[in-house]
Amino acid sequence: AEVREGIGWLEALLALPTASDPTDARARGLDALGGLKYWQAKPEQAWDLYEEAVAIRRQLGDEHALARALLQSAWAAAAQGDVDRGIHRAREARDLFQRTGDTPSADLVSDWIVVEPIMIGAGGGDPGLAVEAETRSLDALRSLGRAHDATDALGGLAMLHRMLGDPDAGIPIARASIAAWHELGNLGRLPLAFKVLAALELQAGEPRRAVRLEAAAQRLSEDVGGDLFQIFGQLGDPIEEARPLLGAEEHARAVEEGRALSLDEQIAYALRE
């Protein structure tokens, strides 16, 4: 249970009397715990942890570290549906990155500000421009060697293609994100990647595959102790949406088959055309 175990370790460390001072080490621990809470679909708890980290960074006076902490809190605000607060934090982070000479990070945050309102369905914005921004971010992250963040951008790009009604473009990208997360050994990120592919497969007219993939995502999420965000990408519920497209027996069998797959089988099935 990758996520649950990580949370347990970090909560124990942060609760130590020696870890209570507002130090760089505590801020880093809060940031890590906030990330795991975020991927448990608990953005309110993540926000509180990031807020303490932001306060420590402000106190310590490291503007570049503060910019990173502000961007993390922007993600947590967006995950709660508070787009305005998220963008406000992101703009502050962007300006600090620019002031500290980190133009690549400032540019990435500028693209985040374009993409994020589209991703959570906040209204307004142009999905086509968001695809351009996410593609730009993906290229930049790859050139910077930031494999984790680049894989995150792949998933975002796949979601955006689904919003545009283009599963032919989105499915290969979603598969690439699954392969990359698996190669990076990040099991906590695979459930959402599977859900993205499931939504795209359903859009492409493959309800049986969609159900198996969503069922696999749910099982994997339970195993690693995370949860499936329902807010990002407007992904819906592929299992329920596929129900009227399949017979009752076929639908139930697809759910059972998806949940029965081992991790290696899940990966192989997802990547099989």
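Modeller: A pocket, as the word is used here, is an open set of grid points with protein on both sides within 12 Å along at least five of seven lines, and its lining residues have an atom within 4 Å of a point. The model under discussion is a predicted one.

Colleague: Which residues lie nearest the centre of the largest pocket?

Modeller: The largest pocket has a volume of about 1200 Å³, and 46 residues line it. Two or more lining residues come from each of α1, α2, α4, α6, α7, α8, α9 and α10. Those nearest the centre of this pocket are Gln72, Trp75, His148, Asp149 and Asp152.

Colleague: How many charged residues does the lining of the largest pocket have?

Modeller: Sorted by class, the lining of the largest pocket holds 22 nonpolar and 13 polar residues. The charged residues in that lining number eleven.

Colleague: Which element gives the most to the lining of the second largest pocket?

Modeller: The second largest pocket, with a volume of about 170 Å³, is lined by Ala27, Arg28, Asp31, Tyr50, Ala53, Arg57, Ala65, Arg68, Ala69 and Gln72. By class, this lining has five nonpolar, one polar and four charged residues. With four residues, the element that gives the most to the lining of the second largest pocket is α4.

Colleague: Against which helices do the buried residues of α5 pack?

Modeller: Helix α5 covers residues 83–99 and reaches 24 Å from its first C-alpha to its last, close to the 24 Å expected for its 17 residues. Taking buried to mean under 20% relative accessible area, the buried residues of α5 are Val83, Gly86, Ile87, Arg89, Ala90, Ala93, Leu96 and Phe97. The helices that these buried residues pack against are α3, α4 and α6.

Colleague: Which glycine with a positive phi follows α5?

Modeller: Helix α5 takes in residues 83–99, and the glycine in question comes after this helix. With a phi near 85 degrees, that residue is glycine 101.

Colleague: What is the length of the polar contact that joins the side chains of arginine 212 and glutamate 257?

Modeller: Arginine 212 is part of helix α11, which runs over residues 207–224. Leaving aside residues up to four places away in sequence, arginine 212 touches Ala254, Glu257, Gly258 and Tyr269. Since a polar contact is a pair of N or O atoms within 3.5 Å, the side chains of arginine 212 and glutamate 257 qualify, being joined by a polar contact of 2.7 Å.

Key
Residues numbered from 1 in each chain as written. Predicted model: local features only at pLDDT ≥ 70, side-chain atom pairs only at ≥ 80, totals over all residues. Heavy atoms only, no water. Contact = heavy atoms within 4.5 Å. Polar contact = N/O pair within 3.5 Å; in protein donor to acceptor, adjacent residues only side chain to side chain. Expected span 1.5 Å × (residues − 1). Buried < 20%, exposed > 50% of the residue type's maximum accessible area, 1.4 Å probe, protein only. 1 Å grid on protein atoms, 1.4 Å probe; cavity = no way out; pocket = protein on both sides within 12 Å on 5 of 7 lines; lining within 4 Å. Points joined across faces, edges and corners; volume = space filled by probe spheres on them. Nonpolar A, V, L, I, M, F, W, Y, C, P; charged D, E, K, R; others polar.
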